[in-house]
Amino acid sequence: MTNDNIPNPYGWKRSMRAGLSFRPVAEDDMPFLARVYASTGRETLAATALNETQKAAILLLQFRAQHAHFQQHYPQADMLVVMGGGHDIGRLYLARWPNRHGIIDLTLLPEFRRHGAGEVLLRDLTEEAAAAAKDVTILIDKFNPAMRLLRRLGFATEEDKGAHDLLRWSA
Ligand SMILES: CC(C)(COP(=O)(O)OP(=O)(O)OC[C@H]1O[C@@H](n2cnc3c(N)ncnc32)[C@H](O)[C@@H]1OP(=O)(O)O)[C@@H](O)C(=O)NCCC(=O)NCCS
């Protein structure tokens with residue numbers, strides 16, 4: 001299986017049925033990915049006295065730093081744009097380590113959240129990992145509402161890391 005075999009390179013059946021497809025991130029995707037990043041990063045700047053221009057500048061710098069960090073630390077990870085209904089709707093970064101799958105990031109643009117895409121994707125990921133006798137881990141902010149979804153899908157806290165929890169799913 002190669003990553004270039006769009007639309008369903010990973011055999012993710014639920015995603016395919018839900019009309020989701022994927023493509024590896026390319027240089028042209030940077031403005032879109034910056035928008036995806038800003039859609040969550042903006043919340044952390046909400047309480048500051050910065051104006052919108054300043055916030056946008058900071059978010060862009062943070063996005064670039066994060067992107068460089070991911071590329072440096074997870075060179076083998078799949079960095080994917082998630083597409084659905086003819087739109088680019090989010091990003092999925094997934095590292096397939098020898099003993100587990102690590103979700104580095106899963107973020108959808110706000111207008112595409114709460115329609116079931118996240119659950120579909122996470123179920124495909126856990127199923128893929130289980131077929132390879134692996135677990136799935138994700139680091140998530142303790143107060144992230146996505147925690148409810150992850151718990152429902154069977155992710156359990158493995159380690160309390162202060163502001164974040166490391167969650168693990170096992171078959
Ligand atoms: C986390 C995320 C990928 C889930 O995808 P999604 O398509 O929105 O999720 P689904 O529609 O499949 O499932 C919705 C469930 O997610 C949880 N959830 C996610 N975001 C939520 C929000 N803002 N408010 C309330 N519940 C939320 C809830 O459990 C909800 O189901 P429930 O209302 O029945 O409890 C998406 O919401 C997102 O991009 N959030 C911002 C980025 C993020 O927090 N990523 C964390 C990594 S998982």
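In which loop is Arg114 found? In this predicted model, Arg114 sits in the loop between β4 and α4. Its phi is near 65 degrees, a positive value in a residue other than glycine. Arg114 has 11 C-beta neighbours inside 10 Å and therefore counts as exposed.

β4 (100–108) and α4 (117–131) each supply at least two residues of the shell around the ligand, and so does α5 (146–152). The shell holds 17 residues. Those that come nearest to the ligand are Arg113, Gly118, Glu119, Arg148 and Leu149. By type, the shell residues divide into seven nonpolar, six polar and four charged.

Helix α4 has 15 residues. From its first C-alpha to its last it reaches 21 Å, close to the 21 Å expected at 1.5 Å a residue. Buried residues in α4 include Ala117, Gly118 and Val120. Leu121, Leu122, Asp124 and Leu125 are buried as well. Further along α4, Thr126 and Ala129 are also buried.

Just after α4, Ala133 takes a positive phi of about 55 degrees. Ala133 is found in the loop between α4 and β5 (135–141). Like Arg114, whose phi is positive, Ala133 is a residue other than glycine. Ala133 counts as exposed because it has 8 C-beta neighbours inside 10 Å.

Ala146 lies in helix α5. It has 16 C-beta neighbours inside 10 Å, so it counts as partly exposed. The C-alpha atoms of Ala146 and Asp28 are separated by 29 Å. Along the chain, these two residues are 118 residues apart.

A further feature is a helix pair. Two packed helices are described by the angle between their axes and the distance between the axes. The axes of α2 (residues 30–45) and α3 (residues 52–73) come within 9 Å and cross at roughly 120 degrees. That angle makes α2 oblique to α3. The crossing of α2 and α3 is right-handed.

Helix α3 has 22 residues. It reaches 31 Å from its first C-alpha to its last, close to the 32 Å expected at 1.5 Å a residue. Of the 22 residues of α3, the number buried is one, so α3 lies largely in the open.

Note on methods: Residues numbered from 1 in each chain as written. Predicted model: local features only at pLDDT ≥ 70, side-chain atom pairs only at ≥ 80, totals over all residues. Near = placed C-beta within 6 Å. Helix = DSSP H or I, 4+ residues; strand = E, 2+ residues; numbered from the N terminus. Nonpolar A, V, L, I, M, F, W, Y, C, P; charged D, E, K, R; others polar. Expected span 1.5 Å × (residues − 1). Buried ≥ 20, exposed ≤ 12 C-beta atoms within 10 Å, placed from the backbone. Axes fitted to C-alpha atoms, helices over the stretch in contact; angles between N-to-C directions. Parallel < 35°, antiparallel > 145°, perpendicular 65-115°, else oblique. Left-handed = near helix turned anticlockwise from the far one by under 90°.
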